[in-house]
Amino acid sequence: MVVHFPVALTLTAGLFLIAAKLVRGEPLAATLATVGTWNLCVAAVAALFALATGLAGVLDLQVGAAAHAAIAAHVKWAIFTSLALILAAVWRGAGTAQQSRPSWLFVVVLAAICIALSATAYRGAENVYRFGIGVQRAE
């Protein structure tokens with residue numbers, strides 16, 4: 001359940017910050033940038049919680065070789081995207097005023113993070129739906 005927060009907040013932040021870059025009106029752009037910045041910062045904190053719960057969850061898993069390889073790939077992606085998300089949040093949250101329009105460089109980096117996070121989420125979903133990891137059997 002925890003993993004859905006950073007995914008949703010990051011994608012929403014990306015949409016708001018891209019809109020803030022593209023919209024014409026300054027008051028609307030400032031509002032979009034502020035909301036996007038807050039979503040990004042909260043997403044970074046949520047990513048830490050998701051990463052911690054995920055790492056704690058794999059500590060005592062007894063799975064086959066294919067599932068183990070899939071988990072390892074997902075964990076690597078999760079660590080990378082979490083760090084990238086935290087760095088982007090620090091860049092945006094501490095580096096500039098929250099109501100300012102993001103730079104094109106930041107928009108491109110954030111779009112890449114959104115794509116990487118989507119790939120991470122896909123790998124996690126594959127672990128659940130393909131390998132049944134973390135799913136309890138109904139009795």
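At 43% relative accessibility, A8 counts as partly exposed, a class that lies between buried (under 20% relative accessible area) and exposed (over 50%), as judged with a 1.4 Å probe and protein chains only.

The structure is a predicted model, in which local features need pLDDT of at least 70 and side-chain atom pairs count only at pLDDT 80 or more, whereas totals for chains, interfaces and linings use all residues. Residues are numbered from 1 along each chain as its sequence is written, and side-chain values use heavy atoms, with hydrogens and water left out.

**Overall layout**

The chain holds four helices and zero strands, so that its elements read α-α-α-α from the N terminus on, where helices (H or I, at least four residues) and strands (E, at least two) are DSSP runs numbered from the N terminus. Along the principal axes, the C-alpha atoms fill a box of roughly 55 × 25 × 20 Å. Of the 139 residues of the chain, 32% count as buried. The chain exposes about 8500 Å², of which carbon and sulfur atoms supply 71%; accessible areas come from the Shrake-Rupley method with a 1.4 Å probe, and for residues only the protein chains shown count as cover. Among contacts (heavy atoms within 4.5 Å) between residues at least 6 apart in sequence, 77% join residues at least 24 apart.

**The nonpolar core and its surroundings**

A nonpolar core is here a set of buried Ala, Val, Leu, Ile, Met, Phe, Trp, Tyr and Cys residues joined through side-chain atoms within 4.5 Å. The largest such core has 18 residues, and those with the most contacts inside it are L17, L40, L85, A88, F106, L110 and I113. The elements that give two or more residues to this core are α1 (4-22), α2 (26-57), α3 (65-95) and α4 (104-131), and α2 gives the most, with six residues.

Which residues does I113 touch, once those up to four places away in sequence are not counted? They are T10, A84, L85 and A88. T10 itself lies in helix α1 and counts as buried, because its relative accessibility is 0%. Leaving aside neighbours within four places in sequence, T10 is in contact with A43, L85, I113, C114 and L117. A polar atom of the T10 side chain also lies 2.6 Å from the backbone oxygen of P6.

Another threonine, T120, is found in helix α4 and is buried, since its relative accessible area is 5%. With residues up to four places away in sequence again not counted, T120 touches H74, W77, A78 and T81.

**Salt bridges**

A search of the whole structure finds two salt bridges, a salt bridge being a side-chain nitrogen of Lys or Arg within 4 Å of a carboxyl oxygen of Asp or Glu. In one of them the side chains of E26 and R101 meet at 3.3 Å, N to O, and this pair links distant parts of the chain, with E26 in helix α2 and R101 in the loop between α3 and α4, 75 residues apart. In the other, the side chains of E126 and R130 meet at 3.7 Å, N to O; because these two residues are four apart in helix α4, about one helical turn separates E126 and R130. The accessibility of the residues in these pairs is as follows.

| Residue | Relative accessible area | Class |
|---|---|---|
| E26 | 49% | partly exposed |
| R101 | 26% | partly exposed |
| E126 | 25% | partly exposed |
| R130 | 58% | exposed |

I18, L22 and W104 make a nonpolar surface patch of about 310 Å², and W104 has its place in helix α4. Patches are made of residues with over 30% relative accessible area and no salt bridge, with like charges joined within 9 Å and nonpolar side chains (Val, Leu, Ile, Met, Phe, Trp, Tyr) within 5 Å.

G132 belongs to the segment after α4 and counts as partly exposed because its relative accessibility is 35%. The C-alpha atoms of G132 and V63 are separated by 9.9 Å, while the two residues stand 69 residues apart along the chain.

Conventions: Polar contact = N/O pair within 3.5 Å; in protein donor to acceptor, adjacent residues only side chain to side chain.
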